[in-house]
Amino acid sequence: MDKKKIGTALAAAMLAGGTLAGCSSGGDGAEGGKTVLNVWAMGDSSKPMEQMAEAYSKENPDVSIKVQAIPWGSAHDKLLTAVASKKGPDVLQMGTTWMPEFAAAGALADLTGDLADYPELAADNFFDGTVTSTQFDGKTVGVPWLAETRILFYRTDVLQSVGYDQAPKTWDELLDASKKLTERGKDKYGIGLDPKEPTLNFMFARQNGSKLIEDGKAQFDQPAFRDTVAYLDGYFKNGYAPVDLGLDTSQTFGGDGMVPMFISGPWMIKTIRDQVPDIEGKWATAVLPSKENNMSSLGGSNLTVFGFSKQKQESMKFIAFLSKPENQLEWMKQTGELPANRKAWEDPQLSGDPNMAVVGEQLENAEPMPLVKPWDNISQNFLQTFEEIYRANADLDAKLKAFNEQSQKLLDK
């Protein structure tokens with residue numbers, strides 16, 4: 001969201017009015033002689049957050065933590081209202097893709113000068129990409145919390161049938177394997193690539209050496225990006241990847257492997273085990289194939305301190321507590337969400353699971369999408385551009401030139 005849109009949204013939020021329930025930033029943060037921290041827990045995480053808060057309060061009896069559940073669907077508007085009123089939580093969980101917008105709006109406290117006081121929050125404790133997601137305009141505005149990335153899922157038995165005893169390791173191998181898998185016969189494909197996934201082309205472009213945006217300049221008409229789009233377009237044009245198949249994973253990945261490879265996140269590990277138990281032992285995961293590198297996209301969420309909180313130091317202490325490896329593992333046990341803390345991945349729950357070990361390996365080479373305010377608009381615009389290319393056979397170079405110009409205008413606002 002650009003500055004003009006943020007300003008408009010904040011004005012609307014201010015008119016909508018009001019102090020949010022459970023907000024403390026406008027008060028003194030004290031109750032009954034105790035320091036009160038208000039925490040926003042997003043989605044379904046309020047119960048585990050309450051358990052964490054209870055454990056923290058046992059160690060710190062002079063602190064009372066109030067947890068408020070915020071549905072993801074309404075979180076964006078609630079945050080805008082909080083910024084407009086300068087009354088919000090003390091600690092809040094924030095999706096990595098929202099960080100630039102709300103940092104620019106002043107919703108997130110600058111933590112740069114505070115991190116050294118908390119060994120648990122040292123950058124080396126976390127995957128590099130998760131640390132990158134906490135940076136904005138030369139400042140640290142959050143602490144890594146949860147992490148996810150994209151990996152390759154594949155049917156080992158089906159790949160072996162076309163001569164691949166291991167997962168494809170390069171772009172050339174991925175294309176070759178997809179071609180051979182498609183040649184198995186009617187209604188057979190090589191790989192599932194979701195053309196409506198906003199990160200797909202950008203993730204592959206980085207593997208091909210594209211910077212996407214460099215020094216404020218869009219790079220979407222440059223050879224590294226152009227060649228990537230052509231490469232991915234070829235999967236759809238040649239029928240190696242299906243379009244509009246309308247079937248779920250249990251129908252395409254199971255059985256005889258209609259679509260025996262796909263790229264997705266770690267949540268699919270459980271989905272396959274639960275929904276397609278008959279292929280147990282016949283599938284595996286691998287890090288993404290490489291061109292110049294095998295960079296994956298990184299998602300997840302960070303812990304932040306509200307920009308108008310009067311309890312910054314106590315908030316940092318609570319975030320440091322949550323960031324301990326043992327607490328990140330407890331959170332994973334309660335929610336299934338994966339830790340950003342590297343040491344937590346040494347635990348057998350993760351390192352001892354071959355598929356989770358692959359996720360951990362890929363997290364060492366995963367980065368968030370560019371941390372610029374208009375990125376959501378840019379990525380959504382590209383979905384339309386790419387659809388015109390793969391579906392309507394539009395001129396690739398002309399479309400990318402127009403998309404690059406459109407993106408640059410957004411960056412210049």
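Leaving aside its neighbours within four places in sequence, which residues is leucine 322 in contact with? The contacts of leucine 322 are Met49, Met52, Trp145, Leu303, Asn327 and Gln328. The model in which these contacts are found is a predicted one.

## Domain organisation

The protein is divided into two domains, each made of two segments. Domain 1 comprises 35-148 + 300-368, and domain 2 comprises 151-297 + 370-412. Their C-alpha centres lie 30 Å apart. The contact between the domains draws on 21 residues from domain 1 and 21 residues from domain 2.

## Nonpolar cores

The largest nonpolar core has 53 residues. Those with the most contacts inside this core are Ile65, Phe153, Ile272, Phe318, Leu322 and Val359. Helix α12, residues 312-322, gives the most to the core, with six residues. Because domain 1 (35-148 + 300-368) and domain 2 (151-297 + 370-412) both supply residues, this core lies between them. Apart from it lies another core, of 47 residues, which includes Leu152, Val229, Tyr240 and Leu396. In soluble globular proteins, nonpolar side chains tend to be buried together.

Helix α12 is itself mostly covered, with eight of its eleven residues buried. The buried residues of α12 are Glu314, Ser315, Met316, Phe318, Ile319, Ala320, Phe321 and Leu322.

## Strand β8 and its partners

Strand β8 (residues 151-155) is joined to β11 by four bridges, and the two strands run antiparallel. Within this pairing, isoleucine 151 stands opposite serine 264 of β11, and leucine 152 has isoleucine 263 as its bridge partner in β11. Strand β8 also pairs with strand β12 (residues 283-286), again in the antiparallel sense and over four bridges. Here the bridge partner of tyrosine 154 is alanine 284 in β12.

How many of the five residues of β8 are buried? The count is five of five, and the strand is described as mostly covered. Ile151, Phe153 and Arg155 point one way from β8, whereas Leu152 and Tyr154 point the other way. Strand β11 (residues 261-264) is covered on both faces. Met261 and Ile263 lie on one side of β11 and Phe262 and Ser264 on the other, and all are buried.

## Aromatic residues

A search of the whole structure finds 29 aromatic pairs. In one of them, the rings of phenylalanine 386 and tyrosine 390 have centres 5.1 Å apart and planes at 55 degrees, so the pair is tilted. A pair of aromatic rings is described by the distance of the centres and the angle of the planes.

Phenylalanine 386 and tyrosine 390 both belong to helix α16 (residues 375-390). They are four residues apart, about one turn of the helix, and both are buried. The two residues take part in one aromatic cluster, formed by Phe202, Phe220, Phe225, Phe236, Trp375, Phe382, Phe386, Tyr390 and Phe403.

Is glutamate 148 buried or exposed? At 18% relative accessibility, glutamate 148 counts as buried, because the cut-off for that class is under 20%. Glutamate 148 is found in strand β7 (residues 143-149). Its side chain makes a polar contact of 2.7 Å with the side chain of arginine 150. Neighbours within four places in sequence aside, glutamate 148 is in contact with Pro266, Trp267, Ser297, Leu298, Gly299, Gly300 and Leu363.

Aspartate 397 has its place in helix α17 (residues 396-412). With 42% relative accessibility, aspartate 397 counts as partly exposed. The side chains of aspartate 397 and arginine 226 are joined by a polar contact of 2.9 Å. Aspartate 397 and glycine 234 are 163 residues apart in sequence, and their C-alpha atoms are 15 Å apart in space.

Terms used: Residues are numbered from 1 along each chain as its sequence is written. This is a predicted model: local features need pLDDT of at least 70, side-chain atom pairs count only at pLDDT 80 or more; totals for chains, interfaces and linings use all residues. Side-chain values use heavy atoms; hydrogens and water are left out. A nonpolar core is a set of buried Ala, Val, Leu, Ile, Met, Phe, Trp, Tyr and Cys residues joined through side-chain atoms within 4.5 Å. Buried means under 20% relative accessible area, exposed over 50%, partly exposed in between (1.4 Å probe, protein chains only). Domain bounds come from an automatic or database domain assignment. Contact means heavy atoms within 4.5 Å. Two strands pair if DSSP finds at least two bridges between them. Rings of Phe, Tyr and Trp (its six-membered ring) pair if their centres lie within 6.5 Å; planes under 30 degrees apart count as stacked, over 60 as edge-to-face and the rest as tilted. A polar contact is a pair of N or O atoms within 3.5 Å; within protein, one must be able to donate a hydrogen and the other to accept it, and residues adjacent in sequence count only if both atoms are side-chain atoms.
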